[in-house]
Structure formats: structure tokens, C-alpha cells
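Student: I would like to learn how to read the features of a model like this one. Could we take them one at a time?

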Amino acid sequence: MIGNDIVDLQQARQESNWQRPRYLEKIFTQEEQQRIAEAEAPEVMVWLLWSCKEAAYKRWASQTQQRRFLPKKMESTDFYQIQEQDLTTTEMGKQKVGHHYTCSVRIIGHHYMVYTALKDDLIHSWTLTEGKKPLLLEVAPLGQQDLSIATRSLLLKHLSKHFLWSPTDISIQKNEHGRPFVYYQNKKCPLSLSLAHHGRYGGFVLAEGES
Amino acid sequence: MNKQERIAAIKRIVEPYVQEKAALENLNEDTDFLKDLNINSAHLVDIILDVEDEFDIEIEDEAMEKMLTVGAALAIIEEKVK
């Protein structure tokens, strides 16, 4: 199972007021609120934690096929920065610069390890079944187009490059629960996929195996 | 406030968080905030806080879990303002 999430800090600044009364209490556990209060940059910590929780939620939702709004039952703990020398290419994707973090998110009995990268105004978080590695992990600025269409184009471009497939043979189709899957020549591929976009950015994480 | 007035109030509350204003025209009890209106989940928090302020109620975490549609929001409001 797989999940990813993007926060464009510039967009978040324009559209969300995290300092609004009761906002943090509604979505963060006591421990998370403490971490935000003690952070050097509380605003960035708000969105780092939120993004980790959202990535974990997407994985949980596809695993359990449930839809619920339960931000405080998504409990992030053990939020650590990964030192540069400890980073593997897997954890970084193509983002060789910036800050990288790991945290554990628990959602009603499920534990997920989430990786998150912060570079300038961009946060990208992802989580994948333990022991698996992403086949493709990408995030890119998309410009002024329709974000969900542009994110799919980005995915198509990378699928085509990776598998040497003709883009016209590839399609992305959602199942009845809204989970996206890759199809090649109209046959569902044994791949798991999570798409995300926010503000100026779109991205995805792709892994082998359907679950 | 009757049901229609409550739906109108919810519509007013969600409006600033909806990119695609056309989607608001057909707003009804089945409208899903995330799927139909493409509201992002960080804004769902704002909507919950706005509903609390508008109707002077407190929505606990348990009730909040279900608040994904206009109908679910209405049910919570009806329950709380009683």
C-alpha cells in the first residue's frame, strides 16, 4: 500500500490560517502541538506534520477502503531529521538537496513509516509498505495548467521513460474507491500508485505490486 | 432555522474554499465536500470551525469523522442545536 502528499508552502500561506483559534487543536494531537510550539519555524512544522499525516491517511484509506476525517487519530511520533550521510537514494527521490525527515504515523492500530522532504517552499511526503522501495518518486512544478491533468502528464512522461512505453499505450484509471491504477494497452499493471498535487506542484510515488 | 436555511448557510460557509464555483450550484445533501467540491482536507478543518461559529455548537472529534458531506454536516447541526 502506498500514499503521498504535497504541500506548497506559498499556497498554504495564501489559503490557510493555521493560527486561527482552535485550528491546531482540531487536527493535531497534544504531542504534535507541542512539537509545533517548540519548533524553530512553527509554520513549517505544521505543514510537515500535516503532510506526513495526509500521506499516511491515503495509504490507510486505500488499505481499509474507508473514508473518514480523523486527523487526531492519525498520530505522528518520532519525527526526526535524516542526516545527509544517512540518506539513501530511495528516500530522496531526485531531491538531493533540502531537508529530509522521517516519522511514524499511527492510524487506529496501523503503523506507517513516512518519509518527507522539504526544499524551499515544497513539502513532499510518502509512505510505502515496509520493505518495499519506490520504483518512481517524482515531484515537479507544473505551471498554470489544471493540476490534476498536469500531474497525470508528469506521471505518463516518467512511465513512458522508465518502461519505454509509448505514451498512447498508457492510461490511468480509477477503481470504484477512487484509487488510481496504471494501465498499459488497456491491461491493469501490477503497480501501486499514489498521486498528489497542491499549489504549483504535482507528484507521485509508484511501486511494484498491487498492494 | 429550517433545513433549507441551514443548507444555504453551509453553502455560504464552503464557498470561499471551493475553486470551481460552478460545482456549488448543484449543492445538495449528497454533495461530498472533498469529492464533489474538490475542497482540500486542510480546508475541511476551516469548514468545521466555521460551522461551529455559525451555529454556536461544538463538533467533537467523533462527529467530525463523518462530516464529509453536506447531509452529514446537516445531521450534526440538527443534533447539536436541539
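This is a predicted model: local features need pLDDT of at least 70, side-chain atom pairs count only at pLDDT 80 or more; totals for chains, interfaces and linings use all residues.

Student: Which strands does helix α4(A) lie across?

Tutor: Helix α4(A), residues 42-64, lies across β1, β2, β3, β4 and β5 of chain A. Its direction is at about 150° to β1(A).

Student: How should I read the sheet itself, and what is the order of its strands?

Tutor: In general, the strands of a sheet pair through backbone hydrogen bonds, either parallel or antiparallel. Here 5 strands of chain A form an open sheet in the order β1-β5-β4-β3-β2, with antiparallel pairing. At the edges stand β1 (2-8) and β2 (74-82) of chain A; each has a single partner strand, so one side of each lacks a neighbour in the sheet. From one strand to the next, the twist averages 20°.

Student: How many bridges join β2(A) to β3(A)?

Tutor: There are 7 bridges between β2(A) and β3(A), residues 99-107, and the two strands run antiparallel. As an example, Ser76(A) has Val105(A) in β3(A) as its bridge partner.

Student: What is the strand order in the open sheet of 3 strands in chain A?

Tutor: That sheet has the order β6-β11-β10 and antiparallel pairing. Its edge strands are β6 (136-141) and β10 (191-198) of chain A, each with a single partner, so one side of each is left without a neighbour in the sheet. Direction ignored, neighbouring strands of this sheet are turned by 10° against each other on average. The antiparallel pair of β6(A) and β11(A), residues 201-208, has 6 bridges. Pro141(A) stands opposite Tyr201(A) in β11(A).

Student: Which helix lies across β6, β10 and β11 of chain A?

Tutor: Helix α6(A), residues 147-163, does, running at about 40° to β11(A).

Student: Now chain B. How are two packed helices described?

Tutor: By the angle between their axes and the distance between the axes. In chain B, α1 (residues 3-14) and α3 (residues 41-55) pack at an angle of about 135°, with axes 10 Å apart. That angle makes α1(B) oblique to α3(B). Their crossing is right-handed.

Student: Which residues meet where α1(B) packs on α3(B)?

Tutor: From α1(B), Ala9(B), Ile13(B) and Val14(B) meet Ile47(B), Asp50(B), Val51(B) and Glu54(B) of α3(B). By class, the residues of this contact are 5 nonpolar, no polar and 2 charged.

Student: At what angle does α1(B) pack with α5(B)?

Tutor: The angle is about 120°, and the axes of α1(B) and α5(B), residues 70-81, are 11 Å apart. This makes α1(B) oblique to α5(B), and the crossing is right-handed. Lys3(B), Arg6(B), Ile7(B) and Ile10(B) of α1(B) make the contact with Val70(B), Ala73(B), Leu74(B) and Ile77(B) of α5(B). The contact of α1(B) with α5(B) has 6 nonpolar, no polar and 2 charged residues.

Student: How many residues does each chain give to the contact of chain B with chain A?

Tutor: Chain B gives 11 residues and chain A gives 13. On the chain B side, α3 and α4 (61-64) each supply at least two residues, and the largest share, 6 residues, comes from α3(B). The side of chain B that touches chain A has 8 nonpolar, 1 polar and 2 charged residues.

How values were computed:
Residues are numbered from 1 along each chain as its sequence is written. Chains are lettered from A and ligands numbered from 1 in the order in which they are written. Two strands pair if DSSP finds at least two bridges between them. Helices (H or I, at least four residues) and strands (E, at least two) are DSSP runs, numbered from the N terminus. Axes are lines fitted to C-alpha atoms, for helices over the stretch in contact, and angles run from 0 to 180 degrees between N-to-C directions. Two residues are in contact if their C-beta atoms, placed from the backbone, lie within 7 Å. Angles under 35 degrees count as roughly parallel, over 145 as roughly antiparallel, 65 to 115 as roughly perpendicular and the rest as oblique. A crossing is left-handed if the near helix is turned anticlockwise from the far one by less than a right angle, and right-handed if clockwise. Ala, Val, Leu, Ile, Met, Phe, Trp, Tyr, Cys and Pro count as nonpolar, Asp, Glu, Lys and Arg as charged, and the others, Gly among them, as polar.
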